[in-house]
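Open the model in your viewer and keep the selection panel at hand. The tour below goes stop by stop.

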Amino acid sequence: MRVGPEQAVEQTRDFHFAVTWVTLFAHLDPIEAAGPRRRVETPAPTLALVPVVVAPLTEQRSHAAWEMVVPKMIRSGDGNFTPAEGEPKLLSQGG
Amino acid sequence: MQPSNIIEISVQPGVQPQIDTALGLRASGRLDEALRALANPNEYNPYLYTIRGEIEFALGYFHDAALSYFAVVQSEPDNADAHYNLALCLQRSDRWDASCQAFERALLLDPSRDAARLGLGASLLYLNRLDEALATFQQCSEAAQAPAAFGKAVALQLLHRFGEAESAYEALLASDPDSTEALSNLIALNVETNDLDRVRDYSQRLLKISPQSPVGLQGLATVALEREDHPAAARYCDRIVELMPDCLEGWHNLRVSLERILTAFSAPKPVAVGAELASEVK
């Protein structure tokens with residue numbers, strides 16, 4: 001069949017050119033564990049925030065005073081801590 | 001023979017026997033069996049889940065691997081490796097946004113980790129967060145210079161900063177002339193800027209390295225079609241559809257090129273061309 005001049009000439013279609021970055025993934029490999037991970041020991045907190053003076057409720061409204069006290073502690077042989085002065089006292093024993 | 005009503009009970013505590021079995025199987029390449037050995041642990045152990053994640057990743061079960069690493073980072077939030085591996089799993093599961101967060105956590109814990117920065121940049125490119133991607137690649141150290149430069153070039157190209165992108169690709173090609181992806185992207189760049197000479201040059205370079213490259217052939221076909229070199233266009237399109245039978249543009253352009261060649265043959269020829277033809281033949 002002859003193509004007449006009245007028929008529109010069929011146009012070409014553009015190829016799709018994609019921008020890619022597969023190269024980057026060649027540098028992304030998982031890290032294999034060499035063994036069980038050692039836990040990082042976090043030191044027990046040694047500071048305590050305690051009120052020095054417990055003022056009457058009415059006074060607290062206008063003159064509340066707080067102070068940070070760092071008790072001096074001594075490590076005993078069994079790994080526990082006792083105040084530097086006074087009777088040795090385990091924290092778990094309360095008051 | 002052992003009576004059937006006797007149940008064997010392991011005397012070894014915890015999940016260590018499971019881990020040892022899995023590691024042995026993995027070392028001998030039996031990954032499926034290694035993974036089965038780690039199923040149903042009787043207690044939570046981050047190392048078991050780490051090994052499980054590694055095996056699942058190697059088997060291509062990226063979603064499962066992500067779940068394993070997710071368990072690890074829950075119990076070990078300071079484990080930069082686990083965050084990084086989780087990010088890779090998420091990336092390969094097409095969870096680009098979540099992978100960015102995991103890469104960022106890995107970088108917070110270990111700012112010197114270039115691989116995490118490259119991974120973050122790659123995910124940001126997928127998310128079309130191009131300025132952030134560019135900044136991320138720029139933060140890479142000298143040790144990751146080549147891949148970071150490639151990432152920068154891609155980000156610049158997608159930002160339509162074509163001149164800078166082309167310079168960046170050329171710098172890469174100076175050190176790695178066989179980078180087929182850099183050449184493919186340069187072809188795409190010059191098609192976009194309609195620089196046909198460069199499309200032709202980069203396509204020829206690419207085909208020299210990789211003679212079956214569809215992008216190289218499409219580049220040359222594009223040039224031939226634009227310049228109305230129908231025989232060349234038909235030749236390139238023929239090779240394209242041979243290599244990529246699903247390329248609809250290739251089939252369409254092959255047909256159009258062949259029709260134009262036939263039309264040229266069947267068109268009435270001018271009579272007084274004898275002198276010109278004679279001079280060409282000479």
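Helices (H or I, at least four residues) and strands (E, at least two) are DSSP runs, numbered from the N terminus. This is a predicted model, in which local features need pLDDT of at least 70, side-chain atom pairs count only at pLDDT 80 or more, and totals for chains, interfaces and linings use all residues. Residues are numbered from 1 along each chain as its sequence is written, while chains are lettered from A and ligands numbered from 1 in the order in which they are written.

**Stop 1: B:His63**

Select B:His63. It sits in helix H4 (residues 62-75) of chain B. Is B:His63 buried or exposed? A residue is buried if 20 or more other C-beta atoms lie within 10 Å of its own, exposed if 12 or fewer, and partly exposed in between, with C-beta atoms placed from the backbone. B:His63 counts as exposed because it has 12 C-beta neighbours inside 10 Å.

**Stop 2: all of chain B**

Colour chain B by confidence. Its average pLDDT (the predictor's confidence in each residue, from 0 to 100) is 91, and 90% of the residues score at least 70. Switch to cartoon: chain B has 16 helices and 0 strands. Its C-alpha atoms fill a box of roughly 105 × 55 × 30 Å along the principal axes. The radius of gyration is taken over C-alpha atoms, and the globule rule is 2.2 Å times the number of residues to the power 0.38. For 282 residues, a compact globule would come near 19 Å; chain B has 28 Å. Buried residues make up 41% of the 282 in chain B.

Next, colour by domain. The bounds come from an automatic or database domain assignment. Chain B splits into domain 1 (15-138 + 150-156) and domain 2 (169-267). Their C-alpha centres lie 39 Å apart.

**Stop 3: the core**

A nonpolar core is a set of buried Ala, Val, Leu, Ile, Met, Phe, Trp, Tyr and Cys residues joined through C-beta atoms within 7 Å. The largest one has 78 residues; B:Leu86, B:Ala87, B:Ala153, B:Ile187 and B:Ala221 touch the most other members. Domain 1 and domain 2 of chain B each supply at least three residues to this core.

Zoom in on B:Leu86. Two residues are in contact if their C-beta atoms, placed from the backbone, lie within 7 Å. Beyond its neighbours within four places in sequence, B:Leu86 contacts B:Ala66, B:Tyr69, B:Phe70, B:Val73 and B:Ala102.

**Stop 4: B:Leu172**

Move to helix H10 (residues 162-175) of chain B and pick B:Leu172. B:Leu172 is buried, because 24 other C-beta atoms lie within 10 Å. Leaving out residues up to four places away in sequence, it touches B:Ala146, B:Ala149, B:Phe150, B:Ala153, B:Ser179 and B:Ala182. Draw a distance to B:Ser257: 85 residues away in sequence, 36 Å away in space, C-alpha to C-alpha.

**Stop 5**

Show chain A. It has 2 helices and 4 strands, in the order α-β-α-β-β-β. Of its 95 residues, 6% count as buried.

Finally, show both chains. How many residues does each chain bring to the contact? Chain A gives 24 and chain B gives 39. The side of chain A that touches chain B has 15 nonpolar, 4 polar and 5 charged residues. Here Ala, Val, Leu, Ile, Met, Phe, Trp, Tyr, Cys and Pro count as nonpolar, Asp, Glu, Lys and Arg as charged, and the others, Gly among them, as polar. The predictor gives the complex an ipTM of 0.83 and a pTM of 0.74.
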